[in-house]
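Colleague: Could you take me slowly through one part of this model, and say how it sits in its surroundings?

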Amino acid sequence: MDQFIQDLSRLDPLWIYLVVVGIAYIENILPPFPSDVIVVAAGSLAGIGVVGFLPLLLLATVGSTLGFMSMYKIGNWFGHRILETGRMKFIPLESVQKVEQWFRIYGYWIIIANRFLAGTRAVVSFFAGLSELSFIKSTVLSFLSALAWNSLLLFAGKKLGENWRSIIYYLEAYSKLVTFLIIVGVLLYLAVVFYKKRSPSPTSDTEKT
């Protein structure tokens, strides 16, 4: 990664912009990808005047939004075909349907928080399309979420300058914490669903009596 950043700093500013927008896009299609680290490093380049802060912010946000839009369309066009053909037997169809219902209720709030949820960005955009949330509204919310997150990363890189690597530790810790909380949340949800299935319903008890 250090070698990549050193090579990046030697490029013409136009190529730096293209690399940032491309990596921001790819990260939404093929996670996990260290786009956050590269955005921070690009922010440090803005701090020393190699590139402009605002163009970096706009391009990183546009790249993230285009990646979201692509995964949304994949989920919208092919999601049911992918998940309901039975090829992915480790994903029960019943669970997919419940996630769809859940997304239709809370999906827009999840999209707002999407950029701050490490490791789930492609999944969120995929299920947003699968659940047929409004494409325009989802795109706008995704853009705003990416704008806020990229602003924090670029500002941190700009302020830290050559010491930008020190933030990697905090990004990794944050990513692990978020991943842990998501896993715990999913396990609790599955436990509740399993408990409800195992518990006898009141109607069945009355029928027995």
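Modeller: Gly49, which has a positive phi near 85°, follows helix 3, where helices are DSSP runs of H or I with at least four residues, numbered from the N terminus. This is a predicted model, in which local features need pLDDT of at least 70, side-chain atom pairs count only at pLDDT 80 or more, and totals for chains, interfaces and linings use all residues. Residues are numbered from 1 along each chain as its sequence is written, and side-chain values use heavy atoms, with hydrogens and water left out.

Helix 3 itself runs over 13 residues and reaches 18 Å from its first C-alpha to its last, close to the 18 Å expected at 1.5 Å a residue, the expected span being 1.5 Å times one less than the number of residues. Twelve of the 13 residues of helix 3 are buried (under 20% relative accessible area, with a 1.4 Å probe and protein chains only), and among them are Ser35, Asp36, Val37, Gly43 and Leu45.

The largest nonpolar core has 20 residues, and Ile16, Val20, Val51, Leu56, Leu153 and Leu154 have the most contacts inside it; such a core is a set of buried Ala, Val, Leu, Ile, Met, Phe, Trp, Tyr and Cys residues joined through side-chain atoms within 4.5 Å. Helix 2 (13-27), helix 3 (35-47), helix 4 (53-84) and helix 7 (135-160) each supply at least two residues of this core, and helix 3 gives the largest share, six residues. A second, separate core has 14 residues, including Ala122, Phe127, Leu133 and Leu141.

How values were computed:
Buried < 20%, exposed > 50% of the residue type's maximum accessible area, 1.4 Å probe, protein only.
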